[in-house]
Amino acid sequence: MLDAKIPAGELNNKWTDYKGHCKLVNPANKRKLEVIVVGTGLAGASAAATLGELGYKVKTFCFQDSPRRAHSIAAQGGINAAKNYQNDGDSVFRLFYDTIKGGDYRAREGNVHRLSEVSGAIIDQCVAQGVPFAREYGGLLSNRSFGGTQVQRTFYAAGQTGQQLLIGAYQALERQISLGNVTQYSRHEMLDVVVIDGKTRGIIAKDLVTGKLERHFGHAVLLCTGGYGNVFYLSTNAMASNATAIWKAHRKGAFMGNPCFTQIHPTCIPVSGDHQSKLTLMSESLRNDGRIWVPKAKNDTRKAIDIPEEERDYYLERRYPAFGNLVPRDVASRAAKERCDEGYGVGSSKQAVYLDFSAAIVRYGKIEVSKQGLENITEDQIIVLGKEVVKEKYGNLFDMYEKITGENPYELPMRIYPAVHYTMGGLWVDYELMTTVPGLYALGEANFSDHGANRLGASALMQGLADGYFVIPYTIGNFLADEIYNKPITVDHPAFVEAEKTVSDRLNTLMNVKGKQSVESLHKRLGKIMWEKCGMARNAEGLKQAIVEIQQLKKEFWSDVKIPGEINEFNPELDKAGRVADFIELGELMCIDALNREESCGGHFREEHQTEEGEALRHDDKFMYVSTWESKGEHEWELHKEELKYDVIKPSQRNYK
Amino acid sequence: MTWKEVFTSSVGKKLVMSFTGIFLILFLVVHVGLNACIWANDGGTMFNAGAHFMGNNVVPRILEIGLFVGLLLHIIQGIMLELSNRSKRNVKYAIDYGNQGSKWYSRSMGLLGTLILIFLVIHLADFWIPNRAHQGFLLGEEINLYEKMKLEFSELWVVIVYTLGCLSLGYHLAHGFQSAFRTIGVHNKRYNLMLTSLGYGFSVVVTFAFIMMPWSFFLHIIQ
Amino acid sequence: MEHYNMNLTLKVWRQKNKEDKGGFQTFQVKDISSEMSFLEMLDILNEQLINEGKDAIAFDHDCREGICGTCSLYINGKPHGEWKGNTTCQLHMRAFKDGETITIEPWRANAFPVIKDLVVDRSSFDRIIQAGGYVSVNTGNAMDGNCLPIDKNRADDSFAAAMCIGCGACVAACKNSSAMLFVSAKVSHLALLPQGEPEKRSRVMNMIAQMDKEGFGACTNTGACEATCPKEISLSNISRLNKEYLFASLTADK
């Protein structure tokens with residue numbers, strides 16, 4: 001049995017008790033302890049900055065040209081916090097409850113409650129750093145609603161919240177660099193973890209500019225490398241977002257938790273053709289004001305504006321009157337897929353639904369009329385006023401939509417379709433965020449811990465920053481306190497030499513395949529298998545097929561991949577090849593996990609397990625556990641189960657009606 | 001931060017350009033105002049009276065030294081800035097960004113400044129140097145500058161050189177005027193708009209007035 | 001929106017590494033859909049090159065949704081291509097016509113040395129931020145977020161400056177290779193907020209000193225940076241920086 005090391009005692013006091021009793025490292029000793037942070041997104045940058053402030057010697061690594069480019073930057077909508085500034089009934093418990101329920105009862109109570117407890121401090125910290133959150137005229141912070149909740153607890157900075165938070169963390173990180181507490185390695189990719197005597201002792205990193213391999217020692221290693229949505233090839237992740245760091249850690253003994261839990265985001269711009277390289281998200285905040293609909297008639301080819309009101313099916317409002325367009329992401333995505341599968345889809349591909357702002361434009365227009373005290377106003381003037389309000393709220397998102405599609409969303413409804421967005425699964429970690437390898441931690445999206453089977457909107461930013469600013473600074477001390485007796489290990493140690501050799505051999509093998517197929521084309525094929533058989537809906541037969549196909553693809557990859565250029569130079573194709581090779585292995589494990597979990601929960605929808613109304617049907621009696629996989633060989637994994645205990649919340653069928 | 005650090009930094013160098021630029025703009029106001037006396041068309045009586053005050057009174061003559069110091073600072077700093085800025089991109093673009101993003105004259109301040117400098121040398125050689133030499137570089141007797149203008153501007157090529165020189169000055173001002181105020185930190189939209197408009201107005205009016213002077217003589221509009 | 005396909009001639013800067021002299025190479029691409037993004041067109045060219053056994057063209061890109069600031073490219077004489085307020089990754093092929101020749105160059109500035117082909121080293125921007133582009137507040141020091149009301153207009157202006165994605169297009173567009181728009185966006189972002197107030201004098205002086213050290217030019221207010229900025233950061237931020245700098249130098253002790 002895995003021990004999650006959740007502190008005993010009442011849920012409300014667990015974190016306080018933990019902080020009161022965990023071991024501390026004195027300032028003089030902190031200076032002697034080295035910590036490696038891989039990845040510089042919200043989790044990585046905030047952790048590195050905070051550990052630097054505490055006095056540890058920190059090294060950060062990112063494959064991008066600057067820490068500020070990590071994909072956290074693309075998060076649009078906002079960040080949740082149980083501040084209850086709106087006086088609308090929010091509380092730490094309510095955020096905790098919403099997150100557990102939103103995650104379809106597959107997350108740990110202890111972790112989620114801690115997340116909820118520290119959420120308020122994150123906002124305070126970010127404001128103090130100069131993050132320009134949206135404000136009301138009175139000068140106080142503004143909030144908006146997000147899916148799966150009935151309170152307004154989301155803090156935001158227009159449609160660029162992730163950018164602003166990341167820049168806040170990045171600035172804190174750069175400050176520590178200037179103070180000499182942190183050393184930054186940009187355009188460096190971690191390619192292996194070094195484990196000595198059962199503890200993580202460093203990493204092998206590749207300088208992407210020169211192709212040179214480097215050895216770095218650390219008393220602890222933090223993986224903050226984000227999610228692996230790019231297994232699907234098309235996703236809203238950045239092009240180079242990858243699973244390599246967590247996968248290497250997995251192969252070195254860290255267990256993977258719930259790898260099949262993938263979030264498909266309901267509002268993305270639909271695929272336009274085979275050339276498509278990535279998908280673009282339209283923030284969930286749009287569902288505050290946009291209404292989702294399809295025509296009531298199948299294969300209706302009329303233009304959206306020619307379809308009269310009574311012939312439109314606002315299917316989310318119809319099916320879920322209580323939450324309407326603001327149901328959680330998994331529910332909204334499945335509902336869109338259901339309509340399109342039934343033949344009600346719109347656009348040339350028929351794989352899209354409408355997200356319509358016309359009602360909101362009129363509503364805001366009328367509010368403006370009364371605000372400004374205008375008289376004798378025509379319909380058209382109301383619409384002009386309304387469009388201005390909508391522009392202020394969502395202008396940048398509307399512009400982005402128009403750039404990509406060439407259509408004006410102020411005039412025509414947006415066409416949207418679900419796309420892979422986030423992976424709830426990741427490295428298994430205990431309450432201290434430590435993986436099954438001592439000294440190796442995983443933070444943010446890279447771990448599996450807080451979102452269960454489905455993440456609520458605006459919670460990813462919250463978790464990344466909670467882990468980095470407020471959790472790891474305490475929990476890492478509990479491990480490092482015992483490390484003060486261990487002097488830094490020289491990187492000439494045989495374990496470093498061997499790890500470097502493994503990495504270098506693999507790179508040479510890749511370069512020497514000299515086959516016929518490009519990395520990109522093989523990645524596309526993996527994505528197709530994953531999307532069709534391990535995507536929004538899964539079934540046993542498809543998953544079994546997928547496993548066979550992926551194993552076949554792996555063989556093809558290693559015998560027929562074609563990589564141009566040299567090994568000792570800046571070679572993005574070689575870097576991509578390494579990442580895709582890892583995606584292929586991870587894809588196989590995702591299918592195995594999805595096949596094992598014979599129930600539907602959150603983002604994991606097994607067609608064999610649904611209610612009569614087509615909702616996800618959980619089997620709490622059999623699957624109330626975290627599937628945790630140990631790597632046992634090339635195609636072999638052993639399943640370990642971490643039982644989930646609910647002391648405070650009673651799991652029930654999720655109801656958003 | 002020491003003064004040296006301030007004035008050797010990129011922003012500090014710009015501050016020098018800006019302060020001296022504004023000072024020179026003020027000089028232009030005086031210069032154009034005084035010269036406009038030629039249009040009194042009184043055979044140069046009023047103009048020569050003004051010129052006499054400027055050349056024969058100790059106060060403007062001391063200010064004149066300040067003018068040359070400001071001018072030299074503006075020229076030297078300008079040349080150094082231009083050379084330094086040009087050295088920041090060793091490999092040039094194959095296709096220039098050109099006028100898509102900025103006005104040609106805003107990118108050509110170095111060139112315009114050089115043209116103005118050349119013109120200035122000619123201009124000083126025409127009027128200021130003979131006059132001061134005649135004065136023994138002290139407060140001696142002056143030459144009749146009005147008659148001198150009449151003589152100089154009877155030649156078409158001189159009039160054309162002056163026209164081109166003044167046009168260079170006009171474009172230099174069209175950018176320089178508002179840029180100087182941006183450099184000293186005017187960032188409010190309303191004042192920037194005001195100063196930009198004022199700058200364009202100033203450059204057009206001053207340039208036009210200066211250009212009309214030689215032409216007025218050449219075309220015998222004034223006697 | 002009418003879709004169409006096009007054939008294009010691409011003149012691309014190729015340079016093996018920092019030391020290499022580099023030069024243009026010309027390529028043909030066929031049947032490019034107007035729906036593609038510019039980078040997807042380059043992906044197709046790279047597939048073509050790999051299939052022909054040639055080295056792929058290196059170019060920086062990551063999020064492909066116009067926010068990470070990784071993509072660069074100087075396209076037909078304009079950073080990020082022809083569209084206003086746009087990044088290269090969001091530029092779509094409907095901006096081009098069949099038969100057109102497109103010239104693609106890397107950002108050019110001594111402070112941004114070329115790493116390979118179209119990829120440049122922008123680490124100088126990180127060092128400028130390290131010089132003072134932050135608020136010195138350790139984790140855990142913060143008071144409640146609503147303790148300090150901030151005038152909405154001021155907060156909005158600060159946000160408008162903070163939108164800078166650090167792509168370097170301003171430097172690429174500037175005839176002086178000046179980084180002033182980038183630096184001023186950070187100075188303005190923080191100077192406009194009460195949180196950034198205590199350090200605003202030292203911040204502006206240190207960041208400018210670092211900018212000069214990195215080899216960027218001086219600003220001559222031409223406005224080319226503002227015109228090319230994908231986030232349309234206003235030139236008035238530069239004036240605000242100048243004001244801060246002037247005040248800082250006038251009130252300095254030494």
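What pattern does chain B follow when read along the sequence? Chain B follows the pattern α-α-α-α-α-α-α-α-α. The structure is a predicted model, in which local features need pLDDT of at least 70, side-chain atom pairs count only at pLDDT 80 or more, and totals for chains, interfaces and linings use all residues. Residues are numbered from 1 along each chain as its sequence is written, while chains are lettered from A and ligands numbered from 1 in the order in which they are written.

**Chain B**

The secondary structure of chain B amounts to 9 helices and 0 strands; helices (H or I, at least four residues) and strands (E, at least two) are DSSP runs, numbered from the N terminus. Along the principal axes, the C-alpha atoms of chain B fill a box of roughly 55 × 40 × 35 Å. Of its 223 residues, 30% count as buried, that is, with 20 or more other C-beta atoms within 10 Å of their own, the C-beta atoms being placed from the backbone.

Two helices of chain B, H2 (residues 10-35) and H8 (residues 156-183), pack at an angle of about 130° with their axes 9 Å apart. Axes are lines fitted to C-alpha atoms, for helices over the stretch in contact, and angles run from 0 to 180 degrees between N-to-C directions. H2(B) and H8(B) are therefore oblique to each other, since angles under 35 degrees count as roughly parallel, over 145 as roughly antiparallel, 65 to 115 as roughly perpendicular and the rest as oblique. On the H2(B) side, the residues that meet H8(B) include Lys14(B), Gly21(B) and Ile25(B); their partners in H8(B) include Gly176(B) and Phe177(B). Contact requires C-beta atoms, placed from the backbone, within 7 Å.

**Chain A**

Three strands of chain A form an open sheet in the order S6-S7-S8, with antiparallel pairing; two strands pair if DSSP finds at least two bridges between them. The edge strands, each pairing on one side only, are tabulated below.

| Edge strand | Residues |
|---|---|
| S6 (chain A) | 188-196 |
| S8 (chain A) | 213-217 |

From one strand to the next, the twist averages 25°. Strand S7 (residues 199-207) of chain A is joined to S8(A) by 5 bridges, and Lys206(A) stands opposite Leu213(A) in S8(A).

**Contact of chains A and C**

Chain A gives 64 residues to the contact and chain C gives 68 residues. Helices of chain A that each supply at least two residues of this side include H3 (42-54) and H16 (572-596). The largest share, 9 residues, comes from H6(A).

Terms used:
Two residues are in contact if their C-beta atoms, placed from the backbone, lie within 7 Å. A residue is buried if 20 or more other C-beta atoms lie within 10 Å of its own, exposed if 12 or fewer, and partly exposed in between; C-beta atoms are placed from the backbone.
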